Amino acid sequence: MSHKPTHHWKERPLQELADDYIARGGLVFDFDAGQAPYDYKLGVGGREPDVLTGDEARDHLWGLSGADLLTGGDQDDVLYGDQGRDTLNGGDGSDRLLGGSGRDRLFGAAEADSLHGDEGDDYLDEGAGHGDLEGGMGNDTLVGGRGPDAFAVDPTSGDDVIRDFTAGPGMFDHLALRNLRWEDLSFQDTAAGVRISWAGGSVLLEGVRQSDLAQDDFMFADAPDLPPGARDPAGPTAERPSPSSEGPMAHERRFDGEKFDKAADEELRDGPARFGFQGDEAYQVVVGTLDDDLLAGGGAWDNMFGRDGDDTLTGAGGDDILQGDAGDDQLDGGDGMDRLDGGMGADTLTGGMMADELMGMDGADSLDAGAGHDMIEGGMGDDTIVGGAGADAFIVSPDSGFDLVLDFEATGEAQGAFDHLALRDIRPDQVSVTDRPEGAFVSWNTDADADPEGGVLLQGVFRADLRQSDFMFVDEPGFVAGINDYGSWFVFPG
């Protein structure tokens with residue numbers, strides 16, 4: 001801590017109180033984000049089965065041991081199941097769900113979610129939106145729901161089943177393959193669907209035949225690799241129906257955390273509040289003040305909240321969650337699969353190694369995702385973006401402003417599924433692509449006037465370099481008029 005305890009609540013340090021409450025069944029900690037238009041709620045379960053329910057705040061919930069039921073609210077929530085056979089439901093909002101060890105069920109519900117099953121034979125249902133699903137080790141069942149989804153697999157993923165994969169031309173559902181190349185894959189049609197295998201694992205695409213597969217169904221996340229093209233498509237394939245469901249919701253159980261809340265509030269008067277606990281991983285929570293903060297994590301999985309002020313948040317190792325909130329903040333995730341949210345202000349976000357989620361939100365932000373298969377959203381404001389090595393999704397909406405992408409890969413083997421624009425609430429007929437001296441300017445006009453609402457300048461890439469696989473339309477598969485369709489060809493003869 002930055003100051004020695006002086007208030008009477010600090011007769012018992014915050015870490016000691018946290019240990020006590022978790023040992024007795026769990027704790028809840030509420031705090032405001034300052035000027036940002038949301039609050040936070042943190043809930044940590046105990047060693048028995050728990051029911052933890054979020055609300056209108058941004059919820060960060062940990063089940064720890066036992067068969068837990070965790071549900072978020074309508075904001076952007078982060079849920080950790082940890083040990084036991086857990087059920088996680090993010091509710092509305094862009095949520096991140098991590099099942100942990102055990103056979104877990106994860107439901108993302110509406111909007112863009114990131115679901116990670118981890119160990120065990122898990123069931124993942126992302127729901128509506130542009131989702132990112134990774135079953136992890138074990139034989140998992142994956143449901144993408146409405147909208148395009150990335151299904152991440154690698155040599156340790158086990159034997160998975162995808163129940164609603166939309167195969168065929170058009171950048172939409174795709175396999176995000178790590179540490180695998182095209183020559184590592186083999187294909188077999190079965191009564192249930194096509195099975196794609198590699199040394200040590202496989203994925204079954206239910207209801208899909210080998211002849212349905214197209215080049216942009218395969219994204220090689222580390223470096224581009226282009227499957228052979230056998231047949232020119234006539235157009236994009238329509239989205240398949242999905243068995244996705246909303247999943248169970250919990251009735252609220254609130255732990256007795258009044259004294260802990262007051263102790264944390266006292267801690268925040270003098271400086272950042274900090275406490276840790278052990279689940280599947282070592283976790284650390286760090287809450288900043290309403291002034292400028294310098295917050296540093298470590299080897300633990302850090303959940304860090306800057307609140308007001310021009311804050312610097314550094315995650316270091318582990319899979320970290322960094323929330324800048326209001327102010328001109330600097331967020332650095334370091335190694336690990338991190339989630340960085342700049343919030344209000346002109347923020348600088350650095351993802352580091354592995355697959356990261358970067359969200360600039362309001363303001364003119366600078367985003368550098370680093371290596372890995374990253375999800376990058378500048379948000380409102382004119383942002384400057386670097387995707388880094390690996391396949392990246394650059395997410396835009398009608399109100400995203402005018403962004404600059406400095407390293408969009410579109411030529412050579414990247415003509416297939418690799419870097420791409422993910423356009424939300426924008427139709428193909430609303431998109432224009434024109435060349436400028438610096439590169440291709442992709443703009444959109446979604447209203448009745450003649451001026452575009454926003455656009456992306458792809459530096460060093462020109463209209464002739466672009467392929468249909470560079471455009472993903474979140475509402476339904478689509479092609480942009482006048483753009484070359486190579487990279488979306490069928491892979492096998494009919």
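Mentor: Two strands are said to pair if DSSP finds at least two bridges between them, and the strands themselves (E, at least two residues), like the helices (H or I, at least four residues), are DSSP runs numbered from the N terminus. This is a predicted model, in which local features need pLDDT of at least 70 and side-chain atom pairs count only at pLDDT 80 or more, while totals for chains, interfaces and linings use all residues. Residues are numbered from 1 along each chain as its sequence is written, and side-chain values use heavy atoms, with hydrogens and water left out.

With those terms in hand, we can turn to the hairpin, which is formed by E21 and E22 with three residues between them. Strand E21 covers residues 273–278, and six bridges join it to E22 in an antiparallel arrangement; within this pairing, Arg 274 stands opposite Val 286 in E22. On strand E22, residues 282–287, five of the six residues are buried, so the strand is largely enclosed by the rest of the structure; buried here means under 20% relative accessible area, whereas exposed means over 50% and partly exposed lies in between, with a 1.4 Å probe and protein chains only. E22 also pairs with strand E24, residues 301–305, this time in the parallel sense and over five bridges, and Tyr 283 stands opposite Trp 301 in E24. As you look along such strands, keep in mind that in a regular strand the side chains alternate between the two faces of the sheet.

Buried residues make up 60% of the 494 residues in the chain.

For another strand that is mostly covered, you can look at E39, residues 454–459, where five of the six residues are buried. Strand E35, residues 402–405, runs parallel to E39 and is joined to it by four bridges, whereas strand E38, residues 439–444, runs antiparallel to E39 and is joined to it by six bridges. Val 456 in E39 stands opposite Asp 403, and Val 456 is also the bridge partner of Val 442.
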